[in-house]
Amino acid sequence: MNGTLYRIEALRLLRTHTLLLLVLAFTAAGVVGPLSAYFMEDLLRLADPEGELAALDLKVPTMTAGDALGSHVELVAPLGALLVVLVAAMALTVDAGPGRSVFYRSRVPGTARLILPRVVLPALAAVLAHLVGALVAWAFTAMFFDGPPLPATMLGALLGGVYMVFVVAVVALASSLVRNALAVVGVAVLVLVVCAGAGGLPFLAEWAPGALLQGMVLPAVGTPLGDLLPAIATTVVLTVGALALALNRSGAREI
Amino acid sequence: MSTDEMIGVEKLTRSYGTNTGIFDIDLSVREGRVFGVVGPNGAGKTTLLSILAGTRAPGSGRVRSHAERVLFCPDVPDFEPWLTAAEVVEFSARMVGAPAGSAEVARALERVGLTEAADRRNGRFSRGMRQRLGLAAGLVCRPDVLILDEPASGLDPRGRVDILDLITELRRECTVILASHLLGDVQRVCDDVVVIVGGRVVHQGPVADIADQGRPNAWHLRIRGRADHLAELLAAESWVTRADAVEEDCVLLEAFDAAAGESGIPRALAEHGVPLVGLHGHQEDLESIFLSLTNRTDR
């Protein structure tokens with residue numbers, strides 16, 4: 001029975017083309033990030049055809065592999081996460097309408113059996129898309145800069161994947177609080193923005209889940225991945241907590 | 001509680017605030033019967049069905065169930081739009097651990113008339129087709145109790161007849177609880193009926209009994225001979241409350257009750273040697289009886 005629900009989620013990712021869209025979006029970020037870093041000076045020149053900025057004697061620092069990968073992360077953090085929110089919301093708004101809710105809930109015993117496939121498959125898709133994007137970003141970075149070591153970069157990217165799982169867990173929590181798909185997206189985005197805001201505070205920065213996205217950048221700037229241990233701990237605790245609360249609230253929900 | 005009860009409720013209450021919800025409902029649904037739930041909008045039918053299906057909890061009271069598998073088919077079923085009709089039925093069976101081979105799926109779709117649409121994605125199905133698909137998805141699960149909320153409301157007349165015939169057949173396989181505002185449908189397929197008004201049961205029993213309440217106690221008698229003369233003769237009978245000649249050969253006769261008229265009319269006509277040409281009773285349909293039950297409660 002469990003296999004059936006996983007199969008449905010796999011079909012959702014394939015037939016609605018959401019897996020393809022996720023991978024393409026993260027791949028695009030993997031291309032645009034390093035290229036925008038490499039061509040930063042040219043881009044500034046293009047943006048200033050009159051040469052007015054030149055009069056200000058602006059100096060563009062020499063871009064590095066860290067800047068290239070960082071540029072990719074800057075794209076992924078808001079846009080990639082938003083896409084993951086949308087994809088997860090499609091799967092997790094099982095109670096948005098009574099017709100579909102009754103179909104599943106009168107057949108599947110236990111909330112966990114119903115909800116977990118809807119968390120696991122979108123989370124796997126998000127991690128896969130993030131890793132593909134990271135691989136592309138590394139390849140383009142290696143093409144234009146002194147490439148950082150691939151294994152370390154991908155290990156760091158895997159930590160970014162943990163953040164993507166956290167994003168899906170937040171959507172699961174949101175879908176247990178509200179039913180409407182738009183409301184679910186709104187609540188999830190709000191929670192992620194608050195988390196990002198908290199990460200902006202100096203004393204919370206190293207604990208914020210969003211810090212994990214920097215994992216793929218750290219090897220390029222010579223910082224050990226161990227520096228992300230506090231963020232890993234926070235993210236794992238928040239993910240498990242969000243999922244537990246989501247299952248609890250979803251189980252108590254009536255149709 | 002009857003010995004062949006499949007599912008029942010006792011003192012069931014679920015309140016949503018002032019006078020909305022269901023209150024002190026007792027009912028018993030026997031195995032292999034088609035049980036109708038009727039009532040006006042907001043009477044509490046959906047709340048009752050949801051509690052029976054286990055998708056909503058009772059506030060107080062008890063649900064007695066001897067069913068291992070209760071399935072609820074809502075009035076507008078909804079499925080992942082990118083699944084084909086056959087996949088919906090197959091996954092429905094797999095989710096409950098019922099046989100889900102291609103033969104079972106094809107049979108379920110055939111029974112609801114969706115064979116042609118088996119490989120089409122359901123996203124573009126009409127409401128009627130989705131209702132049929134919901135029914136197929138329920139049938140394939142082989143439930144002990146199948147709860148149907150307005151199963152024929154979105155169907156054309158031909159489709160409605162097909163689905164009602166199917167529901168009639170289903171009593172051999174499972175117990176069916178059917179909510180409908182189409183009283184003709186209820187009268188046609190249900191064995192027993194509960195009428196709910198304002199969250200309370202105002203009538204419960206076999207459909208035949210409720211229909212019996214509508215047996216005529218007034219008749220038009222078309223005779224060979226003079227109607228005014230027969231009216232005079234009948235008016236003298238102790239069981240007659242009214243006898244008027246409404247046409248030259250037609251008498252409108254009213255008796256104290258249906259039984260008195262049913263036995264008195266043939267006897268009186270024979271006694272007076274009046275040949276009968278036609279007899280037409282004013283039978284109330286379920287709708288009229290339902291309206292009288294609900295009006296009585298409203299007052």
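Mentor: In this predicted model, H6(A) passes H9(A) in a right-handed crossing, where right-handed means that the near helix is turned clockwise from the far one by less than a right angle, and left-handed that it is turned anticlockwise. The two partners are helix H6, residues 111–144 of chain A, and helix H9, residues 229–251 of chain A, whose axes come within 10 Å and cross at roughly 135°. H6(A) is therefore oblique to H9(A), given that angles under 35 degrees count as roughly parallel, over 145 as roughly antiparallel, 65 to 115 as roughly perpendicular and the rest as oblique. The axes are lines fitted to C-alpha atoms, for helices over the stretch in contact, with angles from 0 to 180 degrees between N-to-C directions, and the helices are DSSP runs of H or I with at least four residues (strands are E runs of at least two), numbered from the N terminus.

For H2(A) and helix H4, residues 65–92 of chain A, the axes come within 7 Å and cross at roughly 165°. That angle makes H2(A) roughly antiparallel to H4(A), and the crossing of this pair is right-handed.

Helix H2 of chain A, residues 18–38, also holds A:Tyr38, which counts as partly exposed because its relative accessibility is 39% (buried is under 20%, exposed over 50%, partly exposed in between, with a 1.4 Å probe and protein chains only). Together with A:Phe39, A:Leu43 and A:Leu46, A:Tyr38 forms a nonpolar surface patch with about 400 Å² of accessible area, an area from the Shrake-Rupley method with a 1.4 Å probe, counting only the protein chains shown as cover for residues. Patch members have over 30% relative accessible area and no salt bridge, with nonpolar side chains (Val, Leu, Ile, Met, Phe, Trp, Tyr) joined within 5 Å and like charges within 9 Å; a salt bridge is a side-chain nitrogen of Lys or Arg within 4 Å of a carboxyl oxygen of Asp or Glu.

In the loop between helix H1 (2–15) and H2 of chain A sits A:His17, which is partly exposed at 48% relative accessible area and has a positive phi of about 65° although it is not a glycine. Most residues other than glycine have a negative phi.

Residues are numbered from 1 along each chain as its sequence is written, and chains are lettered from A and ligands numbered from 1 in the order written. Local features need pLDDT of at least 70 and side-chain atom pairs count only at pLDDT 80 or more, while totals for chains, interfaces and linings use all residues, and side-chain values use heavy atoms, leaving out hydrogens and water.
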